Amino acid sequence: MPQIFKALASILVWVLWICGMVMGFSVLIHGMTMGVIYGPEPSPMSVWAGFAVALAYGVGAVVVMILRKKME
């Protein structure tokens, strides 16, 4: 595999991983400050959807890294 594709795959992995972490922590902090996560009522669907998207970013980063390793 040419070096440029390895570099692009590594950049994509880091972007996905960092975006997933930032999104997950921001949803958590926003939910805690607004009182929707630990409140008496059930959490709205937007909180769980935010966590799901953050998790998808993390899983996507892992999948891209595994594919990068297999293409060497």
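The chain exposes about 5,300 Å², and carbon and sulfur atoms supply 78% of that area. Accessible areas come from the Shrake-Rupley method with a 1.4 Å probe, and for residues only the protein chains shown count as cover. Of the 72 residues, 22% count as buried. Buried means under 20% relative accessible area, exposed means over 50%, and partly exposed lies in between (1.4 Å probe, protein chains only).

This is a predicted model, in which local features need pLDDT of at least 70, side-chain atom pairs count only at pLDDT 80 or more, and totals for chains, interfaces and linings use all residues. Residues are numbered from 1 along each chain as its sequence is written, and side-chain values use heavy atoms, with hydrogens and water left out.

**Fold and dimensions**

The chain has two helices and zero strands. Both kinds of element are DSSP runs, numbered from the N terminus: helices are H or I with at least four residues, strands are E with at least two. The radius of gyration is 16 Å, well over the 11 Å from the globule rule for 72 residues, so the chain is more spread out than a compact globule. That radius is taken over C-alpha atoms, and the rule is 2.2 Å times the number of residues to the power 0.38. Along the principal axes, the C-alpha atoms fill a box of roughly 55 × 15 × 10 Å.

**Helix packing**

Helix α1 spans residues 3-34 and helix α2 spans residues 45-70. They pack at an angle of about 160 degrees, with axes 8 Å apart. This makes α1 roughly antiparallel to α2, a label for angles over 145 degrees. Axes are lines fitted to C-alpha atoms, for helices over the stretch in contact, and angles run from 0 to 180 degrees between N-to-C directions. α1 passes α2 in a left-handed crossing: the near helix is turned anticlockwise from the far one by less than a right angle.

Of the contacts with a separation of 6 or more, 68% come from residues 24 or more positions apart. Contact means heavy atoms within 4.5 Å.

Val47 lies in helix α2 and is buried. Not counting residues up to four places away in sequence, Val47 touches Val27, Val36 and Ile37. Ala9 lies in helix α1 and also counts as buried. Leaving aside neighbours within four places, Ala9 is in contact with Val64 and Arg68. Pro42 sits in the loop between α1 and α2. Pro42 is exposed, with a relative accessible area of 74%.

The table lists C-alpha to C-alpha distances for these residues.

| Pair | Sequence separation | C-alpha distance |
|---|---|---|
| Val47 and Leu28 | 19 residues | 8.0 Å |
| Ala9 and Met65 | 56 residues | 7.3 Å |
| Pro42 and Val59 | 17 residues | 26 Å |

Technical notes:
Angles under 35 degrees count as roughly parallel, over 145 as roughly antiparallel, 65 to 115 as roughly perpendicular and the rest as oblique.
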